[in-house]
Amino acid sequence: MRVIAIVNQKGGCGKTTTAVNLAGCLAADGGRVLVVDLDPQAHSTLGLGIDPEALDENLYEVLAEPGGEARLADVIVTASENLDVAPSGIVLSALEQKLAALPVEARTERVAAALEQVGDAYDYVLIDCPPNVGLLTFNALRAAGEVIVPLETSPFAIHGVEKLLETIGLLVERVGHELAVRVLPTLYDGRTRYARETLARIRERFKDMCFDTVIRANVKLREAAARGVPITAWARSANGAIDYGALAVEVEALGLLAPGLAPRDEVPREVVVQFRDDAASDVRIAGDFNGWIPDKGVRSLIESEGDTRVWTKILQLSPGTYQYRYVVDGEWREDPDNPQGAFSGAIRNSLLVVR
Ligand SMILES: Nc1ncnc2c1ncn2[C@@H]1O[C@H](COP(=O)(O)OP(=O)(O)OP(=O)(O)O)[C@@H](O)[C@H]1O
Ligand SMILES: [Mg+2]
């Protein structure tokens with residue numbers, strides 16, 4: 001289960017639009033998706049066709065009382081196939097105060113505790129945050145492994161984001177877990193020079209932290225929101241559907257980078273794999289065991305067998321199932337000697353089972 005918080009303290013930058021439409025596209029691709037609406041404005045609840053006023057209970061019941069997390073499954077509503085919502089309501093605005101009265105450690109734990117209850121019922125949990133960095137947003141960050149920061153391609157957007165990244169950095173220190181943070185340029189109008197320049201600056205500033213996908217300004221996204229459906233259900237061929245479809249593919253592929261997929265509780269053992277090639281000059285290995293960082297934590301030996309060079313990679317792995325690929329002169333490849341593979345989105349990785 002990947003938990004992705006959608007965060008930016010700036011209002012109107014596309015958080016809710018991203019939560020609803022990325023969810024729609026991931027669900028259309030067959031992922032089981034839960035949108036957690038942490039914003040008292042309840043825009044993503046409305047955007048998925050659910051009237052918050054018509055509900056007897058919502059996330060407030062789950063988050064307000066200790067032990068309330070057991071009720072998450074009761075408040076979840078199905079919006080469409082593969083797509084559920086944990087709905088918000090205006091009462092959520094009272095939650096910040098309530099949480100502030102708790103001991104420091106307990107204040108930011110409520111959402112994480114609730115998500116533990118739904119276990120592996122979902123492939124993706126997308127948390128739509130309010131436009132501030134209060135306790136609700138902290139709760140989202142505490143529960144998440146990944147963060148998407150939608151960033152409007154407009155004059156002052158970058159300034160605010162530096163502050164936000166600083167805040168996220170502080171939180172990571174406090175909670176002691178990694179957060180993969182990525183910036184998503186939104187509301188892009190390529191006809192204006194200003195937007196093109198801002199996009200170039202965003203890319204230069206954030207480099208690999210920036211998604212390749214850019215979300216263009218597209219009126220069909222507003223129309224879909226007004227109708228309470230993801231754009232895929234309203235205008236499948238509109239730019240907004242194409243852009244969020246591309247984002248979904250990128251997010252699915254990034255699943256490869258998510259750490260912590262393999263069990264690590266048992267004693268690690270030495271596992272040896274070999275790669276043979278006549279032409280390659282640099283061979284590394286990357287997998288879910290090393291956060292997909294080529295050769296991280298791996299011992300390497302290089303020998304020659306006639307014209308063939310043999311790369312031996314020595315891994316320390318606990319029993320479990322792992323996915324990996326070789327990086328041969330910078331190109332990612334499956335292990336040619338290993339018939340076992342597994343798909344992660346559209347990408348096939350080699351599979352290694354350690355007993
Ligand atoms: N790519 C886009 N093209 C056109 N309109 C968009 C796009 N993205 C968002 N909008 C519109 O801009 C407005 C603000 O977007 P959205 O609600 O997603 O922002 P937000 O960051 O969630 O705002 P808030 O901080 O208030 O929660 C909405 O009316 C939405 O329909
Ligand atoms: Mg919003």
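In the contact of helices α7 and α8, Arg110, Val111, Ala112 and Leu115 in α7 meet Asn139, Ala140, Arg142 and Ala143 in α8. Contact here requires C-beta atoms, placed from the backbone, to lie within 7 Å. By class, five of these residues are nonpolar, one is polar and two are charged. In that scheme Ala, Val, Leu, Ile, Met, Phe, Trp, Tyr, Cys and Pro are nonpolar, Asp, Glu, Lys and Arg are charged, and the others, Gly among them, are polar.

The model is a predicted one, in which local features need pLDDT of at least 70 and side-chain atom pairs count only at pLDDT 80 or more, while totals for chains, interfaces and linings use all residues. Residues are numbered from 1 along each chain as its sequence is written, and chains are lettered from A and ligands numbered from 1 in the order in which they are written. Helices (H or I, at least four residues) and strands (E, at least two) are DSSP runs, numbered from the N terminus.

How do the axes of α7 and α8 stand to each other? Helix α7 spans residues 110-118 and helix α8 residues 135-143; they pack at about 45 degrees, with axes 7 Å apart. The two helices are therefore oblique to each other. For reference, angles under 35 degrees count as roughly parallel, over 145 as roughly antiparallel, 65 to 115 as roughly perpendicular, and the rest as oblique. Axes are lines fitted to C-alpha atoms, for helices over the stretch in contact, and angles run from 0 to 180 degrees between N-to-C directions.

I turn to the sheets.

Strand β7 (residues 180-186) is largely enclosed by the rest of the structure, because five of its seven residues are buried. A residue is buried if 20 or more other C-beta atoms lie within 10 Å of its own, exposed if 12 or fewer, and partly exposed in between. Strands β2 (residues 33-37) and β4 (residues 83-86) also pair in the parallel sense, over four bridges; there, Val33 stands opposite Leu83.

Just after α1, Gly30 takes a positive phi of about 100 degrees.

Arg227 sits in helix α11 (residues 219-227). With 13 C-beta neighbours inside 10 Å, Arg227 counts as partly exposed. Its C-alpha atom is separated by 16 Å from that of Ala19, 208 residues apart along the chain.

Finally, an open sheet of three strands has the order β8-β11-β10, with antiparallel pairing. Strands β8 (269-277) and β10 (299-305) stand at the edges with a single partner each, so one side of each is left without a neighbour in the sheet. Seven bridges join β10 to β11 (residues 308-317), and Ile302 stands opposite Trp311 in β11.

Note on methods. Contact = placed C-beta atoms within 7 Å. Pairing = 2+ DSSP bridges.
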